[in-house]
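Let's take a friendly walk through this model, starting with the chain as a whole and then turning to how some of its parts pack.

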Amino acid sequence: MTTSRTVLITGGNRGIGFAIAEEFLAAGHRVAVTARSGDGPRGSLTVRADVTDAAALDAAFAQVERELGPVEVVVANAGITRDMLLMRMSDEDFTQVVDTNLGGAFRVVKRASKGMLKAKFGRIILVSSVVGLFGGAGQVNYAASKSGLVGLARSVTRELGGRGITANVVAPGFIETDMTAELPEAQQAEYKKSIPAGRFASAAEVAKVIVWLAGDDAGYISGAVLPVDGGLGMGH
Ligand code: NDP
């Protein structure tokens, strides 16, 4: 039985974030999610925040600290895509994706580190993507933001690793959520051919790995990139 922790997950109202919240709840943790709309699963505390807004995040953390205690585990999961071929990608599409996926993680980790340093304990988990290291045509903005998370986690590991804090990246492959449901069926079939496992994964398959990474047994893993991709990105 692992120690019960206070956990905050960004973007926990749907998709992978919702599944992560469900798995932490099932494992007996105190769970809060940030959401711009909607709510996290039953039994979780939902706080309003947009990850591009540092003041809103600060208020959300303060509310979680008041209601559930200091945040010991943070999962930076909120993310967006604005896919477009390089030649046609606007500055705005690039900046918005990087500011949400990478800037959002930076703001969340910075705010979370305050309490973690005081507690001399913390688990930081950043949700990246196989695309971060594999690359993706039409995904210059998304891939850049997701590979940036690796440098972020590794630098945090070097800065805070001696204070009982770990920082890791989980890199999912294709997961069945709204994000992949947008892909045309022919493209989904094409992708499945290139995945050694021959299928997409459920959000729960990612969530269970994240819960394990936050647990007592994973305390000596830091700065790692853990793929959950059915073998798609092997070799990175
Ligand atoms: P969804 O599109 O289903 O959900 C995205 C979540 O992020 C929503 O909760 C959304 O909130 C939130 N979000 C987006 N922008 C912001 C913002 N500015 N501030 C706060 N919250 C925000 O995505 P998935 O569940 O599929 O993806 C979750 C993470 O996993 C993402 O980081 C994604 O890049 C990554 N990933 C997903 C893969 C997949 O195959 N699905 C594969 C690899 C990685 P709202 O409802 O308010 O929009």
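## The chain as a whole

Of the contacts in the chain with a separation of 6 or more, 68% are between residues 24 or more positions apart; two residues are in contact if their C-beta atoms, placed from the backbone, lie within 7 Å. This is a predicted model, in which local features need pLDDT of at least 70, side-chain atom pairs count only at pLDDT 80 or more, and totals for chains, interfaces and linings use all residues. Residues are numbered from 1 along each chain as its sequence is written.

The chain has 8 helices and 7 strands; these are DSSP runs numbered from the N terminus, with helices being H or I of at least four residues and strands E of at least two. Its radius of gyration is 17 Å, close to the 18 Å from the globule rule for 236 residues, so the chain is as compact as a globular protein of that length. That radius is taken over C-alpha atoms, and the rule is 2.2 Å times the number of residues to the power 0.38. The C-alpha trace spans about 45 × 35 × 35 Å along its principal axes. Buried residues make up 45% of the 236; a residue is buried if 20 or more other C-beta atoms lie within 10 Å of its own, exposed if 12 or fewer, and partly exposed in between, with C-beta atoms placed from the backbone.

## Helix 3 beside helix 5

Helix 3 (residues 91–119) and helix 5 (residues 140–160) have axes that come within 9 Å and cross at roughly 20°. Axes are lines fitted to C-alpha atoms, for helices over the stretch in contact, and angles run from 0 to 180 degrees between N-to-C directions. Helix 3 and helix 5 are therefore roughly parallel to each other (angles under 35 degrees count as roughly parallel, over 145 as roughly antiparallel, 65 to 115 as roughly perpendicular and the rest as oblique).

The residues making this contact include Phe-94, Val-98 and Phe-106 of helix 3 and Tyr-142, Leu-149 and Val-156 of helix 5. They divide into 13 nonpolar, 5 polar and 2 charged. Here Ala, Val, Leu, Ile, Met, Phe, Trp, Tyr, Cys and Pro count as nonpolar, Asp, Glu, Lys and Arg as charged, and the others, Gly among them, as polar.

## Helix 2 against helix 3

Helix 2 (residues 54–68) packs with helix 3 at an angle of about 35°, their axes 10 Å apart. Among the residues in contact are Asp-58 and Glu-65 of helix 2 and Arg-107 and Arg-111 of helix 3. This contact has 4 nonpolar, 1 polar and 4 charged residues.

## Lys-120

Lys-120 lies in the loop between helix 3 and strand 5 (122–127). Its phi is near 55°, a positive value in a residue other than glycine. Lys-120 counts as exposed because it has 11 C-beta neighbours inside 10 Å.
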